[in-house]
Amino acid sequence: MEFTQWTEQYSVGDPLMDAYHHVFFQTIEDLTKSVNKLPTDVLGERIEFLMSYARMHFDSEEHLMEAHAYPDIELHKAAHRSFLEEITFIQDSFRSNPTARIAEQLLAMAQYWLSKHILTEDMKYKPYLSRDGSRKALRVQD
Ligand SMILES: [Fe+2]
Ligand SMILES: [Fe+2]
(Lines give C-alpha, C1' and ligand atoms only; values in the text may rest on other atoms or scores of the structure.)
(Ligands and ions follow the chains in the order given, each with its own letter.)
Protein backbone atom coordinates (compact mmCIF):
# COMPACT_ATOMS: atom_id res chain seq x y z
CA MET A 1 0.00 0.00 0.00
CA GLU A 2 1.20 3.49 -0.85
CA PHE A 3 1.34 5.81 2.11
CA THR A 4 0.26 9.42 2.07
CA GLN A 5 2.83 11.76 3.58
CA TRP A 6 1.68 14.98 5.13
CA THR A 7 3.11 17.87 3.10
CA GLU A 8 2.31 21.60 2.92
CA GLN A 9 -0.39 20.95 0.31
CA TYR A 10 -2.43 19.42 3.17
CA SER A 11 -2.14 22.50 5.37
CA VAL A 12 -5.55 23.89 6.34
CA GLY A 13 -4.06 26.96 8.03
CA ASP A 14 -4.46 25.84 11.63
CA PRO A 15 -1.44 24.27 13.40
CA LEU A 16 -3.54 22.00 15.62
CA MET A 17 -5.63 20.63 12.72
CA ASP A 18 -2.47 20.13 10.67
CA ALA A 19 -0.89 18.23 13.57
CA TYR A 20 -3.97 16.00 13.88
CA HIS A 21 -3.89 15.21 10.15
CA HIS A 22 -0.15 14.57 10.25
CA VAL A 23 -0.45 12.14 13.17
CA PHE A 24 -3.37 10.49 11.44
CA PHE A 25 -1.33 9.67 8.31
CA GLN A 26 1.64 8.53 10.41
CA THR A 27 -0.50 6.28 12.63
CA ILE A 28 -2.12 4.65 9.59
CA GLU A 29 1.31 4.00 8.08
CA ASP A 30 2.80 2.59 11.30
CA LEU A 31 -0.21 0.39 11.95
CA THR A 32 -0.38 -0.93 8.38
CA LYS A 33 3.30 -1.87 8.57
CA SER A 34 2.76 -3.86 11.75
CA VAL A 35 -0.56 -5.50 10.79
CA ASN A 36 1.07 -8.90 10.21
CA LYS A 37 3.23 -8.73 13.34
CA LEU A 38 0.60 -7.87 15.95
CA PRO A 39 -1.73 -10.31 17.71
CA THR A 40 -5.31 -9.64 16.59
CA ASP A 41 -6.46 -8.39 20.01
CA VAL A 42 -3.71 -5.75 20.03
CA LEU A 43 -4.54 -4.87 16.43
CA GLY A 44 -8.18 -4.41 17.46
CA GLU A 45 -7.10 -2.06 20.28
CA ARG A 46 -4.93 0.00 17.91
CA ILE A 47 -7.83 0.33 15.48
CA GLU A 48 -10.07 1.39 18.36
CA PHE A 49 -7.48 4.03 19.29
CA LEU A 50 -7.40 5.31 15.71
CA MET A 51 -11.18 5.65 15.73
CA SER A 52 -11.18 7.54 19.05
CA TYR A 53 -8.50 9.77 17.61
CA ALA A 54 -10.70 10.43 14.56
CA ARG A 55 -13.69 11.29 16.77
CA MET A 56 -11.57 13.63 18.88
CA HIS A 57 -10.22 15.33 15.77
CA PHE A 58 -13.69 15.74 14.25
CA ASP A 59 -15.03 17.30 17.49
CA SER A 60 -12.13 19.69 17.63
CA GLU A 61 -12.44 20.63 13.97
CA GLU A 62 -16.20 21.19 14.29
CA HIS A 63 -15.59 23.56 17.24
CA LEU A 64 -13.05 25.46 15.17
CA MET A 65 -15.48 25.83 12.26
CA GLU A 66 -18.17 26.98 14.68
CA ALA A 67 -15.86 29.57 16.24
CA HIS A 68 -15.13 31.00 12.79
CA ALA A 69 -18.76 30.92 11.64
CA TYR A 70 -18.06 28.55 8.78
CA PRO A 71 -21.40 28.47 6.89
CA ASP A 72 -21.31 24.86 5.63
CA ILE A 73 -20.61 23.30 8.99
CA GLU A 74 -23.66 21.00 8.89
CA LEU A 75 -22.57 19.42 5.60
CA HIS A 76 -19.08 18.99 6.96
CA LYS A 77 -20.37 17.35 10.15
CA ALA A 78 -22.44 14.98 8.01
CA ALA A 79 -19.30 13.97 6.09
CA HIS A 80 -17.53 13.18 9.39
CA ARG A 81 -20.51 11.15 10.57
CA SER A 82 -20.77 9.14 7.39
CA PHE A 83 -17.05 8.29 7.57
CA LEU A 84 -17.48 7.07 11.16
CA GLU A 85 -20.46 4.95 10.12
CA GLU A 86 -18.57 3.43 7.23
CA ILE A 87 -15.49 2.67 9.30
CA THR A 88 -17.60 1.25 12.16
CA PHE A 89 -19.09 -1.15 9.64
CA ILE A 90 -15.61 -2.43 8.65
CA GLN A 91 -14.59 -2.47 12.31
CA ASP A 92 -17.57 -4.71 13.10
CA SER A 93 -16.55 -7.15 10.41
CA PHE A 94 -13.01 -7.13 11.87
CA ARG A 95 -14.49 -7.97 15.29
CA SER A 96 -16.34 -10.99 13.95
CA ASN A 97 -13.47 -12.03 11.67
CA PRO A 98 -10.22 -10.47 12.96
CA THR A 99 -7.87 -10.93 10.03
CA ALA A 100 -4.93 -8.81 8.87
CA ARG A 101 -6.69 -8.44 5.53
CA ILE A 102 -9.74 -6.70 7.00
CA ALA A 103 -7.48 -4.48 9.14
CA GLU A 104 -5.59 -3.49 5.99
CA GLN A 105 -8.82 -2.70 4.19
CA LEU A 106 -9.94 -0.51 7.08
CA LEU A 107 -6.62 1.37 7.16
CA ALA A 108 -6.53 1.80 3.38
CA MET A 109 -10.07 3.16 3.40
CA ALA A 110 -9.26 5.54 6.29
CA GLN A 111 -6.18 6.87 4.51
CA TYR A 112 -7.97 7.28 1.19
CA TRP A 113 -10.95 9.01 2.79
CA LEU A 114 -8.82 11.28 4.95
CA SER A 115 -6.52 12.54 2.22
CA LYS A 116 -9.47 13.23 -0.07
CA HIS A 117 -11.48 14.84 2.74
CA ILE A 118 -8.65 17.19 3.75
CA LEU A 119 -7.99 18.32 0.17
CA THR A 120 -11.65 18.91 -0.65
CA GLU A 121 -13.76 19.49 2.49
CA ASP A 122 -11.27 20.68 5.14
CA MET A 123 -9.72 23.12 2.65
CA LYS A 124 -13.08 24.88 2.36
CA TYR A 125 -12.89 26.24 5.91
CA LYS A 126 -9.32 27.49 5.45
CA PRO A 127 -10.27 31.01 4.21
CA TYR A 128 -12.65 31.46 7.15
CA LEU A 129 -9.95 30.97 9.76
CA SER A 130 -8.37 34.32 8.98
CA ARG A 131 -11.70 36.18 8.90
CA ASP A 132 -12.31 35.99 12.64
CA GLY A 133 -16.08 36.02 12.14
CA SER A 134 -17.89 35.13 15.36
CA ARG A 135 -14.95 36.00 17.62
CA LYS A 136 -15.23 39.62 16.54
CA ALA A 137 -18.99 39.49 17.08
CA LEU A 138 -18.45 38.22 20.61
CA ARG A 139 -16.00 41.01 21.38
CA VAL A 140 -18.64 43.62 20.60
CA GLN A 141 -20.62 42.42 23.61
CA ASP A 142 -17.89 42.94 26.20
FE1 LIG B 1 -13.11 17.51 8.36
FE1 LIG C 1 -9.81 17.22 9.39
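1. The face of helix 1 turned away from its buried side carries the exposed residues Pro15, Leu16, Ala19, Asp30 and Lys33. A residue counts as exposed if 12 or fewer other C-beta atoms, placed from the backbone, lie within 10 Å of its own, as buried if there are 20 or more, and as partly exposed in between.

2. This is a predicted model, in which local features need pLDDT of at least 70 and side-chain atom pairs count only at pLDDT 80 or more, while totals for chains, interfaces and linings use all residues. Residues are numbered from 1 along each chain as its sequence is written, and chains are lettered from A and ligands numbered from 1 in the order in which they are written.

3. Of the 142 residues, 18% are buried.

4. Helix 1 covers residues 15–34, and the 28 Å between its end C-alpha atoms agrees with the 28 Å that its 20 residues should span at 1.5 Å a residue (the expected span is 1.5 Å times one less than the number of residues). Met17, His21, Phe24, Phe25, Ile28 and Leu31 are its buried residues. Seen down the helix axis, they fall within an arc of 140 degrees, so they line one face of helix 1 (the arc is that of the directions from the axis to the C-beta atoms). An α-helix has 3.6 residues a turn, so residues three or four places apart point the same way.

5. The buried residues of helix 1 pack against helix 2 (40–67) and helix 4 (100–129); contact here requires C-beta atoms, placed from the backbone, within 7 Å.

6. Helix 4 has a kink of about 45 degrees centred on Ile118 (the angle between axes fitted to the seven residues ending there and the seven starting there). Ile118 is also among the buried residues of helix 4, which include Leu114 and Asp122.

7. Helix 3 (residues 73–96) packs on helix 4 at an angle of about 170 degrees, with the axes 9 Å apart. Axes are lines fitted to C-alpha atoms, for helices over the stretch in contact, and angles run from 0 to 180 degrees between N-to-C directions. Helix 3 and helix 4 are therefore roughly antiparallel (over 145 degrees). The residues that meet include Phe83 and Ile87 from helix 3, and Leu106 and Trp113 from helix 4.

Key: Helix = DSSP H or I, 4+ residues; strand = E, 2+ residues; numbered from the N terminus. Contact = placed C-beta atoms within 7 Å. Parallel < 35°, antiparallel > 145°, perpendicular 65-115°, else oblique.
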